[in-house]
Amino acid sequence: MTQTAVIDRSRIKNLVAAIACVTVFGFALGEMFPLLSLIMEREGVRADVIGYNTSMAPVGILFAGFIVPPLVARLGARVVALGAAALAAFIVLLYPLTPIFWGWFFLRFAQGIAVSTLFSVSEAWVIQFAEGPYRTRILGLYASVLALSFGLGPGVIAITGTDGALPFWVGAAVLLAASLPIMMVREEAAKGHEGAGAASFFTFAPRAPVLLLAVGAFAVFDSACLGFLPVYGVRHGMSEREAAILLSVLSFGNVGLQLPIGWLGDKYPKRRVMAGLAIVTMVFTALIPSAMGTVWLWPLLMLVGATSVGIYTIALAEVGERFSGADLVAGTSAMATTWGLGALVGAMVAGWAFQTFGPDGFPYSLAILFAVFLLLMWLRERWKTAHGVR
């Protein structure tokens with residue numbers, strides 16, 4: 001067997017392990033977000049307060065951006081990821097034992113730190129190992145698997161309900177299961193990010209502003225839907241179990257459509273594909289209020305879910321295509337920070353729009369978001385053309 005074949009087999013093994021880790025994480029996250037929102041809604045917590053509580057997780061994600069690089073440099077990526085999985089599981093078990101109001105604010109912050117650490121390390125592995133001419137399709141496959149696992153998470157609520165500690169025990173067990181694929185990653189691969197702690201968001205951002213804007217737009221959409229789509233369904237007359245399934249449907253659209261989106265990203269200019277996905281997301285998000293109570297809601301949610309995640313997939317692929325080594329680590333770190341900022345804005349703006357304009361203010365505010373993203377993207381391309389920048 002040639003050395004190249006050995007390297008390829010090792011890379012594939014590491015890629016599968018990294019995807020498996022993020023997938024297990026996605027399942028647990030897909031359960032926890034709607035579970036907490038539905039419990040707070042049932043307990044009479046105001047929509048804007050639910051948004052503030054949801055925003056504590058992104059605050060934790062932002063905080064993690066300062067502590068994860070030195071931890072990885074000191075302890076190694078695999079050790080840090082294993083510790084994050086254990087910490088996240090422990091935090092989940094504390095929710096049913098803690099008062100819903102102020103206690104959950106602290107737990108959401110701590111959970112944001114733990115899940116951001118686990119996710120950023122694992123996703124950096126995925127981008128690192130997804131090399132070659134099929135990079136975008138590989139990342140599309142990754143997004144499909146992640147979406148499937150994420151979509152199954154709310155299904156747990158449909159089985160266990162929101163009462164008692166059982167759904168929290170299930171979430172904790174799944175997070176602990178993430179330790180298994182982490183241990184499959186070869187140690188030399190896991191150490192590949194060491195020494196990158198000096199990478200700065202502020203040095204990377206001017207090199208790829210549109211990519212970070214794309215991540216931010218997706219994060220606003222993602223966070224808003226995680227925190228408020230089930231509540232939106234309840235306000236439109238759905239039961240808690242039916243409303244939880246809305247997130248599953250939103251995620252399942254990715255399963256079949258991310259590979260075609262990846263093919264488009266490999267075949268056509270990525271910025272044009274990204275713009276097309278943003279237009280579709282904007283238009284169909286604005287149609288959600290009209291589709292409530294009709295059969296058209298379900299395919300609409302599937303399509304919007306696929307195109308919004310597709311924006312993120314294309315951005316990941318372009319980062320992997322344009323940057324390598326320490327620059328790649330800087331890119332993934334900057335994207336994680338941007339996701340935290342976007343998720344923070346998304347939770348707060350969605351809660352404010354929900355409370356101020358009623359339930360339909362939630363999807364309309366997201367449609368406006370993508371209109372702003374498209375405008376900024378167009379202005380950036382005009383600027384690049386005027387200044388001869390590639």
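Which residues is Thr-313 in contact with, leaving aside its neighbours within four places in sequence? Here are my notes, starting with that one; bear in mind that this is a predicted model.

1. Thr-313 sits in helix 14. Setting aside neighbours within four places in sequence, Thr-313 is in contact with Thr-136, Leu-139, Gly-140, Ala-143 and Gln-258. With Gln-258 there is also a polar contact, side chain to side chain, at 3.0 Å. Thr-313 has a relative accessibility of 2%, so it counts as buried, the cut-off being under 20%.

2. Thr-307 is another residue of helix 14, which runs over residues 297–322. Buried or exposed, at 5% relative accessibility? Thr-307 is buried, because 5% falls under the cut-off. Its side chain pairs with that of Thr-281 through a polar contact of 2.8 Å. Beyond its neighbours within four places in sequence, Thr-307 is in contact with Leu-277, Val-280 and Thr-281.

3. Now the nonpolar side of things. The largest nonpolar core takes in 127 residues, and Trp-125, Met-274 and Phe-362 have the most contacts inside it. Helix 1 (residues 3–42) contributes the largest share of this core, with 18 residues.

4. Not counting residues up to four places away in sequence, Met-274 touches Val-210, Leu-211, Ala-214, Ile-311, Ile-314, Ala-315, Phe-373 and Met-377.

5. How many cavities of 30 Å³ or more are there? The count comes to four. The largest cavity has a volume of about 660 Å³ and is lined by 38 residues. Nearest its centre lie Phe-119, Leu-146, Phe-218, Asp-222 and Trp-339. Several helices give two or more residues to the lining of the largest cavity, among them helix 1, helix 5 (135–160), helix 11 (240–267) and helix 14. Helix 4 gives the most, with seven residues. By class, the lining of the largest cavity has 27 nonpolar, nine polar and two charged residues.

6. The largest pocket is a separate item to look at. Its space comes to about 360 Å³. There are 19 lining residues, and Gly-216, Ala-217, Val-220, Val-345 and Leu-369 are the closest to the centre of the pocket. At least two lining residues come from each of helix 10 (209–235), helix 15 (325–357) and helix 16 (361–387). Which classes make up the lining of the largest pocket? The lining has 14 nonpolar and five polar residues, and no charged ones.

Conventions: Residues are numbered from 1 along each chain as its sequence is written. This is a predicted model: local features need pLDDT of at least 70, side-chain atom pairs count only at pLDDT 80 or more; totals for chains, interfaces and linings use all residues. Side-chain values use heavy atoms; hydrogens and water are left out. On a 1 Å grid over the protein atoms alone, a cavity is a set of points where a 1.4 Å probe fits but cannot get out, and a pocket is an open set with protein on both sides within 12 Å along at least five of seven lines; lining residues have an atom within 4 Å of a point. Grid points are joined across faces, edges and corners, and a volume is the space filled by probe spheres set on the points. Helices (H or I, at least four residues) and strands (E, at least two) are DSSP runs, numbered from the N terminus. Ala, Val, Leu, Ile, Met, Phe, Trp, Tyr, Cys and Pro count as nonpolar, Asp, Glu, Lys and Arg as charged, and the others, Gly among them, as polar. A nonpolar core is a set of buried Ala, Val, Leu, Ile, Met, Phe, Trp, Tyr and Cys residues joined through side-chain atoms within 4.5 Å. Buried means under 20% relative accessible area, exposed over 50%, partly exposed in between (1.4 Å probe, protein chains only). Contact means heavy atoms within 4.5 Å. A polar contact is a pair of N or O atoms within 3.5 Å; within protein, one must be able to donate a hydrogen and the other to accept it, and residues adjacent in sequence count only if both atoms are side-chain atoms.
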